Amino acid sequence: MVKSELRPGPALDIAALFHKHAGKTATACEDAMTYDLSCFKAYDIRGRVPDALNPDLARALGRAVADVLGARSVVLGRDARLSGPELRDALAQGLLAAGARVTDLGLCGTEEIYYAAANQPFDAGIMITGSHNPADENGFKLVRAGAVPISGDSGLYELRERVARLLETQAPRNAPAPGALSNVRPACFRPDYLNWLLDYSGARDAADSGRPLKIAADAGNGCAGLVLRELAPSLPFDFVCRQMEPDGHFPNGVPNPLLPEKRQATAEAVRRAGADLGIAWDGDFDRCFFYDSEGRFIEGYYLIGLLAGELLRRFPGGKVIHDTRVYWNTREMVLAAGGTPIMGKTGHAFMKERMRAEDAVYGGEMSAHHYFRDFAYCDSGMLPWLLIAALLSRSGASLAELVSERMAAYPCSGEINRRVADAPRLMQTLRDRYADAALHEDRLDGVNLEFADWRFNLRMSNTEPLLRLNVESRADPALLEDKTSELLGLLDAEEGTTPA
């Protein structure tokens with residue numbers, strides 16, 4: 001895989017960046033237009049269509065990518081959302097108007113854009129996706145050549161400012177001449193990408209040394225079905241599939257496997273099929289979610305330790321990046337496997353940047369993002385389940401057998417979200433209440449306090465107006481429940497706090 005050096009940019013003050021246009025809509029002024037640019041988040045662009053995202057903004061973004069990044073050749077892709085084609089056309093128009101060459105992968109997953117940007121001579125890649133968000137939302141994920149991420153710390157600020165100027169001068173309305181979109185070149189790199197997945201994961205040869213598996217797969221009418229359909233004939237597994245056809249209407253609900261109703265449907269599919277393993281994906285399949293043979297949802301936290309062990313088996317002594325939310329289990333397993341655990345800031349762009357800086361072999365977030373050095377330090381929703389399936393087949397163990405002991409050793413609350421009126425003040429209030437008794441404090445990403453037998457992390461979301469709470473304990477479910485209830489009680493007592 002192509003490896004590119006990190007190109008750091010100026011630090012981003014998120015509050016200052018997004019305050020300027022917060023709450024504005026596209027309204028006519030005497031000599032200009034003002035736009036709501038709150039869709040620019042810490043490491044991607046996302047928002048409701050057409051209020052926050054619309055063809056004008058997409059066209060301006062295309063111009064900005066060419067102007068700010070100097071991108072002369074750009075690869076595009078989109079998920080199944082109904083707004084995708086219109087946003088793709090406008091984005092391509094902006095790029096073409098700036099003199100860039102545009103290649104379109106059509107319906108695909110975010111990691112297919114990463115693969116193309118890492119292995120083909122593109123200056124930038126843009127995935128049009130709303131991921132797991134509601135059907136009336138969409139967004140853009142951007143990378144440079146080599147699949148180097150673009151975040152608030154490394155170029156997204158400059159892109160936003162350029163988009164704002166273009167919109168205010170109405171420059172994006174000067175669209176290319178009719179027929180210009182005929183210059184967009186269709187392409188498909190999927191066969192090469194699939195072969196890489198099969199070779200790297202070892203899943204294709206799993207039956208040679210182990211037992212066959214039955215896997216219940218749920219694509220949620222996102223784009224994962226496109227890839228699984230082509231992978232399956234090369235794998236020694238029996239698949240029972242549901243919701244494989246991409247459908248932007250999302251007739252079975254938005255592709256968010258973390259929603260209780262979505263979990264229940266996949267769990268029932270696992271039990272009904274008598275499957276050894278259940279897998280579900282979000283809309284652009286950059287995340288995958290696991291169920292054991294009983295249909296029990298397995299928190300992404302416990303998969304990090306398993307995957308770290310698999311990568312350290314291949315690359316002894318390697319570094320592993322983990323996020324701040326829950327990590328005691330991860331650190332213990334990495335150290336036991338001879339690796340070096342390193343804490344990184346939550347968020348896919350931040351994790352990738354830290355991966356590159358440390359040349360880490362693997363990185364994992366409890367939110368089910370898994371990053372691999374040999375995949376251009378990017379996250380994949382296909383590689384993790386292929387690696388785990390190969391491990392189960394090779395070892396003869398079940399997923400429950402591999403994670404149950406770790407779940408008992410380090411029980412966790414799972415991520416609990418609250419909408420709050422004043423997140424910074426509330427975080428400081430809880431920090432002040434607990435800090436004096438803490439054995440260790442870290443402020444890398446929110447409030448992170450450790451005690452002898454439990455710890456918690458409280459942080460603001462980078463993408464939504466939420467506070468996110470995570471709690472874990474050392475082999476003490478009762479303590480976990482008590483402290484989680486205690487913290488939630490403090491949060492919920494504040495005026496303006498609501499569950500999310």
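This report covers a helix pair, the nonpolar cores, a strand pair and some backbone features of a predicted model.

## Basis

The model is predicted, so local features need pLDDT of at least 70 and side-chain atom pairs count only at pLDDT 80 or more, while totals for chains, interfaces and linings use all residues. Residues are numbered from 1 along each chain as its sequence is written, and side-chain values use heavy atoms, with hydrogens and water left out.

## Helices α9 and α12

Helix α9 (residues 300–314) and helix α12 (residues 383–395) have axes that come within 11 Å and cross at roughly 75°. Helices (H or I, at least four residues) and strands (E, at least two) are DSSP runs, numbered from the N terminus. Axes are lines fitted to C-alpha atoms, for helices over the stretch in contact, and angles run from 0 to 180 degrees between N-to-C directions. The two helices, α9 and α12, are therefore roughly perpendicular to each other (65 to 115 degrees).

On the α9 side, the contact (heavy atoms within 4.5 Å) involves Leu 303, Leu 306, Leu 307, Glu 310, Leu 311, Arg 313 and Arg 314. Pro 384, Leu 387, Ile 388, Leu 391 and Arg 394 contribute from α12. Eight residues of this contact are nonpolar, none polar and four charged. Here Ala, Val, Leu, Ile, Met, Phe, Trp, Tyr, Cys and Pro count as nonpolar, Asp, Glu, Lys and Arg as charged, and the others, Gly among them, as polar.

## Nonpolar cores

A nonpolar core is a set of buried Ala, Val, Leu, Ile, Met, Phe, Trp, Tyr and Cys residues joined through side-chain atoms within 4.5 Å. Buried means under 20% relative accessible area, exposed over 50%, and partly exposed in between (1.4 Å probe, protein chains only). The largest core has 81 residues, and Leu 231, Trp 281, Phe 290, Met 382 and Trp 385 have the most contacts inside it. Beyond its neighbours within four places in sequence, Phe 290 is in contact with residues including Leu 303, Pro 384, Trp 385 and Ile 388.

## Strands β9 and β10

Five of the six residues of strand β9 (residues 213–218) are buried. β9 pairs in the parallel sense with strand β10 (residues 237–242) over six bridges; pairing requires at least two DSSP bridges. Ile 215 has Phe 239 of β10 as its bridge partner.

## Backbone features

The peptide bond from Val 49 to Pro 50 is cis, with omega near 0°. Pro 50 lies in the loop between β3 (45–48) and α2 (55–69).

Phe 250, in the loop between β10 and α8 (260–273), has a positive phi near 45°. At 7% relative accessibility, Phe 250 counts as buried. Asp 359, in the loop between α11 (348–358) and β16 (362–364), has a positive phi of about 50°. At 36% relative accessibility, Asp 359 counts as partly exposed.

Key
Angles under 35 degrees count as roughly parallel, over 145 as roughly antiparallel, 65 to 115 as roughly perpendicular and the rest as oblique.
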